[in-house]
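Keep the structure open while reading.

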Amino acid sequence: AIGLGIGTYLNWLIVAQRLRRYSIVCNAITIPDFFSRRFKDDKNILMCISAIIILVFFIPYTASGFKAIGTLFSSLFGTDYHIAMIVGAVVIVGYTVMGGFMAVSTTDLIQSVVMSISLVVIVFYGIHMAGGWSEVVNNATSLAGYLSITQLHDRATASAAPYGLLSIVSTVAWGLGYFGQPHILVRFMSITSAKEIPQATRIAMVWVIFSLFFAVASGLVGRVVLGDALTGVNAETVFMVLNEQFFNSFMAAIIISAILGAIMSTSSGQLLVTASAISTDFYQALLRKNASQKELVLVSRIAVILVSACSLALAYNPNNYILDLVAYAWAGFGASFGPLMLFSLFWKRTTLKGAVAGVFFGGSTVLLWKECFAYTGLYEIIPGFAVSCLAIFIVSLLDKQPSASIIKDFEATEQHINDL
């Protein structure tokens, strides 16, 4: 939670304003499009590589949302996991394909409001049912290592287990991922005016702190009310189980809708970015430069359906952890695009070859680390981010200076920022 909070703040503080200004200068509407125009990539090599990265890592990301839907309905109603997951995916794909960006943005707002209210209701009612906040705190402190930053509570032995420096660094490093998440960055680019960013930053930080606090609090409440009833993959259903135990069918249904809304909001945003990347940044850039708008819409809709099908296949196993799927995709995007985004916005010496090297080696390192070095316990975003930064820096220095037009765009953006 600490890492995510810091990452959110830094992303709004140092990326949002510059990216919004730079995307106007470059006339870019997607992240791969921005990178390509930023470095005057006439052959669209960087755009295509970026689109492929988005396709590869959004599949497990979207799969986590589909799995969450299946888990929600199977745990609460006994519905078959696979049927619930498929029906949920069809609904999400349906309104994403038919409504596009405006539909996703509108549903994001509504669903986030409902989810916020639900978090508050569950936590405060749970505190009441647990016997008060002091009882929640007393229960947590009675468990050895439960509230410690350097220790974990081992349920099997009812004792504290060490939580080493490597694990602490890995969890805080989640904050690095924010710099490279396409579905988050594209929101910066789509803000109506750069003047709205300070207000948007305040709103975003209030929301993040609020949601993280109440998410953690719901876990603490669940530990008092439910005890050791939920273990393994079922621990991810604590919010849903508390809802089922606390409320009658009508109120429970509203909160279930909030949970479903949060899942749908995230999944639809991911699918929309994927569709844009495939239709605009891959299909039009590489295969059909003169494709009509109608043709691009058709391609994007087909892309949403195909990505959803792959995500359903990946989420088919109900025993997979949702967090594991999210962590993999989060690291992939963070290491592939995060360093390049920062270098693009702050270092005018960055070159096209350096950018390509950064995206390629960042994404490849995440894939390699996950498959070969996961036993170390180090979150793959850390080596991926570091390797990407080194690749961008070294290759750019070895390459010739950026062209005059690239420097001109960079300095024009700098001037816009300085004039604020």
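Which residues in α7 meet which residues in α10? On the α7 side they are Pro-182, His-183, Val-186 and Arg-187, and on the α10 side Gly-269, Gln-270 and Val-273. Bear in mind that this is a predicted model.

**α7 against α10**
- The axes of α7 and helix α10 (residues 249–287) lie 9 Å apart, at an angle of about 80°.
- Angles of 65 to 115 degrees count as roughly perpendicular, so α7 is roughly perpendicular to α10.
- By class, this contact has 3 nonpolar, 3 polar and 1 charged residues.

- Gln-181 sits in the loop between α6 (165–172) and α7 (182–189).
- Its relative accessible area is 0%. Buried means under 20%, so Gln-181 is buried.
- Beyond its neighbours within four places in sequence, Gln-181 contacts Tyr-61, Trp-330, Phe-333 and Gly-334.

**α1 against α8**
- Helix α1 (residues 2–26) and helix α8 (residues 197–226) cross at roughly 165°, and their axes come within 10 Å.
- An angle over 145 degrees counts as roughly antiparallel, and α1 and α8 are therefore roughly antiparallel to each other.
- The crossing of α1 past α8 is right-handed.
- α1 contributes Leu-4, Gly-5, Thr-8, Tyr-9, Trp-12, Ala-16, Gln-17 and Arg-20 to the contact.
- α8 contributes Ile-197, Ala-200, Thr-201, Ala-204, Met-205, Val-208 and Leu-212.
- The contact of α1 with α8 divides into 10 nonpolar, 4 polar and 1 charged residues.

Key. Residues are numbered from 1 along each chain as its sequence is written. This is a predicted model: local features need pLDDT of at least 70, side-chain atom pairs count only at pLDDT 80 or more; totals for chains, interfaces and linings use all residues. Side-chain values use heavy atoms; hydrogens and water are left out. Axes are lines fitted to C-alpha atoms, for helices over the stretch in contact, and angles run from 0 to 180 degrees between N-to-C directions. Helices (H or I, at least four residues) and strands (E, at least two) are DSSP runs, numbered from the N terminus. Angles under 35 degrees count as roughly parallel, over 145 as roughly antiparallel, 65 to 115 as roughly perpendicular and the rest as oblique. A crossing is left-handed if the near helix is turned anticlockwise from the far one by less than a right angle, and right-handed if clockwise. Contact means heavy atoms within 4.5 Å. Ala, Val, Leu, Ile, Met, Phe, Trp, Tyr, Cys and Pro count as nonpolar, Asp, Glu, Lys and Arg as charged, and the others, Gly among them, as polar. Buried means under 20% relative accessible area, exposed over 50%, partly exposed in between (1.4 Å probe, protein chains only).
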